[in-house]
Amino acid sequence: MSNVALFNPSQAPAFAKNRKELSPIAKALAGGSVGGGGKRISIKGGVFRLIDGGKEIAAIEDRYLDVVVVNAAPDVSRVFYAGSYDKDAAASAPDCWSQDGKLPSPDASNPQSTKCDGCPKNIAGSGQGNSRACRYQQRVAVVLANDMEGAVMQLTLPATSIFGKEEGDNRPLQAYARYLAAQNIDPSEVITRMKFDTKSESPKLHFKAMRWLTDDEFPTIQQQGKTDAAIKAITMTVAKMDNVSAPAPLKLEGKRPAAAPAPEPEEEAPAPKAKTKAKPAPLPAEDDEEPVVRKEEKKPNAVPKAKADLSAMVDDWDENE
């Protein structure tokens with residue numbers, strides 16, 4: 001998708017002017033600090049991959065992908081595996097996991113604590129290096145910007161793409177959502193560009209707003225966010241799965257009054273610090289894989305190239321269901 005003109009903060013379409021408050025999507029993606037198994041996009045290996053039923057349909061060669069956020073899980077979830085990662089081992093579910101990031105799921109086979117806060121696996125140093133053995137994840141439902149009426153896809157983001165401070169126009173998810181919220185902009189009202197951080201060794205995304213949706217596009221996004229596919233995309237059902245200083249104002253098209261600066265984002269996930277480091281447990285490299293099983297998928301001999309027209313590709317995708 002080609003570059004488009006940046007937004008003008010002094011203008012906004014009618015639907016944005018008439019909105020009274022930010023949606024649950026905006027609050028969820030900003031970490032709750034503002035006003036209150038199907039198709040998915042994988043970022044494994046630093047490549048955008050379209051996955052359907054556990055199989056890779058296409059890999060996108062571009063380092064960025066333009067999408068529209070249609071829904072988001074209200075909380076950042078957590079997942080913990082006790083054993084080391086072995087790609088040749090039989091599939092197994094996580095030992096412990098949490099839908100809301102506060103309490104372990106009652107379906108977890110090996111809960112590590114009665115609460116996530118204070119859990120020894122939620123302490124820096126309990127994982128590889130200075131990482132936490134219990135991983136953070138944020139689930140988001142998106143559609144491709146050039147196919148808004150097409151398939152709703154799940155995007156599961158690791159901690160490196162969720163938390164942290166902005167560096168110029170490079171923002172992790174929560175900083176991006178807070179930046180929009182400070183200007184009274186909802187993530188579901190704009191086209192968002194997801195771009196890989198080429199300096200990061202593990203897959204890490206930055207987010208940037210590209211343009212307002214039009215008044216004709218916005219109703220489609222509202223409807224897409226209510227579909228079963230969108231609800232499933234943001235719902236974590238591990239046990240039941242088959243296999244698994246104030247920033248400068250954003251320039252937007254349309255008029256919009258200036259807003260207060262965004263709150264200072266946290267540099268990392270809000271977890272307690274360890275008094276003494278726990279013994280590190282070996283874990284796989286940070287990625288966005290489903291927190292359901294550890295099972296190696298068969299890889300094709302060659303990575304398929306993404307079609308130039310992503311909307312046509314998704315149409316083909318839908319016809320093969």
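These exercises work through a predicted model of one protein.

**Exercise 1. Confidence**

Task: What is the mean pLDDT of the protein, and which stretches have a pLDDT below 50?

Solution. 
- Start with the whole protein. The mean pLDDT is 76. A value of 70 or more is reached by 66% of the residues.
- Take residues 254-268. Their pLDDT is below 50. The model still gives this stretch 42 contacts beyond near neighbours in sequence.
- Take residues 270-286. Here too the pLDDT is below 50. This stretch has 44 contacts beyond near neighbours in sequence.
- Where pLDDT is low, predicted coordinates should not be read in detail.

**Exercise 2. Overall make-up**

Solution. 

**Exercise 3. Helix H4 and its cover**

Task: Is helix H4 mostly covered or mostly open, and what covers its buried residues?

Solution. 
- Locate the helix. H4 spans residues 173-182.
- Check burial. H4 is mostly covered, with 10 of its 10 residues buried. Among them are Gln-174, Tyr-176, Arg-178 and Tyr-179.
- Find the cover. Helices H2 (24-29) and H3 (159-162) contribute to it. So do strands E7 (135-144), E8, E9 (190-196) and E10 (205-212).
- Step past the end. H4 is followed by Asn-184, which lies in the loop between H4 and E9.
- Read the backbone there. Most residues other than glycine have a negative phi. Asn-184 is not a glycine, yet its phi is positive, about 60°.
- Check its accessibility. Asn-184 counts as partly exposed because its relative accessible area is 33%, between the limits of 20% and 50%.

**Exercise 4. Met-153**

Task: Where is Met-153, and why does it count as buried?

Solution. 
- Met-153 is in strand E8, residues 153-158.
- Apply the cut-off. Buried means under 20% relative accessible area. Met-153 has 0%, so it counts as buried.
- Compare sequence and space. Met-153 and Ala-141 are 12 residues apart in sequence. Their C-alpha atoms are 5.6 Å apart.

**Exercise 5. The second largest cavity**

Task: What is the volume of the second largest cavity, and which residues lie closest to its centre?

Solution. 
- Give the volume. It is about 100 Å³.
- Go to the lining. It holds 14 residues. Closest to the centre are Cys-96, Gln-112, Cys-116, Cys-119 and Cys-134.
- Assign elements. Strands E5 (77-80) and E6 (96-98) each supply at least two lining residues. E6 gives the largest share, 3 residues.
- The lining divides into 7 nonpolar, 4 polar and 3 charged residues.

**Exercise 6. Gly-101**

Task: Is Gly-101 buried or exposed, and which residues is it in contact with beyond four places in sequence?

Solution. 
- Gly-101 is in the loop between E6 and E7.
- Check burial. Its relative accessible area is 7%, so Gly-101 is buried.
- List the contacts. Leaving aside neighbours within four places, Gly-101 touches Val-76, Ser-77, Arg-78 and Cys-116. Cys-116 is also one of the residues closest to the centre of the second largest cavity.
- Gly-101 and Arg-135 are 34 residues apart along the chain. Their C-alpha atoms are separated by 10.0 Å.

Key:
Residues numbered from 1 in each chain as written. Predicted model: local features only at pLDDT ≥ 70, side-chain atom pairs only at ≥ 80, totals over all residues. Heavy atoms only, no water. Helix = DSSP H or I, 4+ residues; strand = E, 2+ residues; numbered from the N terminus. Buried < 20%, exposed > 50% of the residue type's maximum accessible area, 1.4 Å probe, protein only. pLDDT = per-residue confidence, 0-100. Contact = heavy atoms within 4.5 Å. 1 Å grid on protein atoms, 1.4 Å probe; cavity = no way out; pocket = protein on both sides within 12 Å on 5 of 7 lines; lining within 4 Å. Points joined across faces, edges and corners; volume = space filled by probe spheres on them. Nonpolar A, V, L, I, M, F, W, Y, C, P; charged D, E, K, R; others polar.
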